[in-house]
Amino acid sequence: MTTNAAAPAAVRRPGKAGHPGRPTKPRKSRAGWNLLGLLVVVIAGFPVYWMLNTAFKPAKDAIDPDPHFFPRTFTLENFERAFDVADFWGPVGRSLTVSLAVVAIGVVVGMLAALAISRFAFRGRKIVIVGILAVQMVPLVAMIIPVFLLLNDLGQYDRLTGLIITYLTFILPFTVWTLRGFIVNIPKELEEAAMVDGCTRTGAFVRVVFPLLAPGMVATSVYGFIQAWNEYLYALMLMSQQNQTATVWLGNFSTKHGTEYAPMMAGATMMAVPIVILFLLVQRKMAAGLTAGAVKG
C-alpha cells in the first residue's frame, strides 16, 4: 500500500509587484497621522502668526472689519507706541527677576524633595505624595484672598519677594512631582555601584544621578519659567502700578476709549522673545528630558 507525497507547503500570497507580502494599510495610517499632526500645528500656531501679523501692520488695519491674513504693509510704529505708553524695561526686568528666582529656588528645593520621596522610605511618604497632587487641584483663584492676607501680615505685599513666594506655592508641587518621575527612572543600582567603589551617598548622587537628571531639570525649569513669566492674576492683585510685571504692563493698552490692539500685539511679541530664546538654548535638553520622564512614574 503506497502513500501520497508530503502535503504541499503553505503557499505565500504575493503582494504588490516588487514588494511581496508588504502591507499597504500602515502607509495610509501614517498619512492620516501626518495630516492630523499638521492640523494640530496649524491650530496651535495660528494665534502666534496672528499676533505677529497684527504687530507689524498699521494700527488702522488691526481694527479693520475685513481682516487680511497677510499684511499689505509693514511698520514698526506699533513697537514705538508700545515703548511710549509706559516703562517697558522696568516690568520686563521685574518679570525676569521673579521668574529666574522661582526657577532657581523651585528646582533646588524640588530636586531635594523629589529625591527624598523617591529614594527614602519614611512614615507618611504616601500622604506627602497625595498632598502634592491635591495642592495642584486647588484653583489659583480660590487662594488669592488667603494669600493676600498672609502676605499683608508678613509685610510682603507689593514686594517681589512676596510674589516669588506666591509663585512657588503652585510651581513647586509640579516640580517635585515631575522630578520624582525622572529620579524613579534612574536605577538604584547605579548609586549602589558608585558607593561600593568608595563614593559617599552625596558623591554618588552628584557624580551619577545628577548628570542623568539634568535633562529632566531643564524641562522642569522651562515649564516653571513659562508659568512665572506668563502669570497675570497674582501679579495684578499683589503688586502696585509702580512694581507691575510685564503681563500687567500689557493692560496699559486697554483704556476707557478702547483697546489698542496693534501696540498690544507688539508688546506681546516683545514679551515672547525671552521665552523663544530660552527654548532655543535648551531645546535638545528639553526634548531629552520630556522623553526620559515618560517611561514610568
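The crossing of α8 and α9 is right-handed in this predicted model. Their axes come within 9 Å and cross at roughly 140°. Helix α7 also packs against α9, with the axes 10 Å apart and an angle of about 160°.

**α8 against α9**

- Helix α8 runs over residues 188-196, and helix α9 covers residues 201-230.
- On the α8 side, the touching residues are L190, E191, A194 and M195.
- Across from them, α9 brings in R201, A204, V208, V209 and L212.
- Sorted by class, this contact comes out at 7 nonpolar and 2 charged residues, with no polar ones.

**α7 on its own**

- Helix α7 takes in residues 160-184, which is 25 residues.
- At 1.5 Å a residue it should span 36 Å, and the end C-alpha atoms sit 35 Å apart, so the two figures agree.
- There is still a kink to look at: α7 bends by about 40° at T169.

**α7 against α9**

- The angle of about 160° is over the 145° cut-off, which makes α7 roughly antiparallel to α9.
- The crossing of α7 and α9 is right-handed.
- From α7, the contact draws on Y167, I171, F174, T175, T178, L179, F182 and I183.
- α9 answers with L213, G216, M217, T220, Y223, G224, Q227 and A228.
- The class tally for α7 with α9 is 10 nonpolar, 6 polar and no charged residues.

Definitions and conventions: Residues numbered from 1 in each chain as written. Predicted model: local features only at pLDDT ≥ 70, side-chain atom pairs only at ≥ 80, totals over all residues. Heavy atoms only, no water. Axes fitted to C-alpha atoms, helices over the stretch in contact; angles between N-to-C directions. Helix = DSSP H or I, 4+ residues; strand = E, 2+ residues; numbered from the N terminus. Left-handed = near helix turned anticlockwise from the far one by under 90°. Contact = heavy atoms within 4.5 Å. Nonpolar A, V, L, I, M, F, W, Y, C, P; charged D, E, K, R; others polar. Expected span 1.5 Å × (residues − 1). Bend = angle between axes of the 7 residues up to and from the residue. Parallel < 35°, antiparallel > 145°, perpendicular 65-115°, else oblique.
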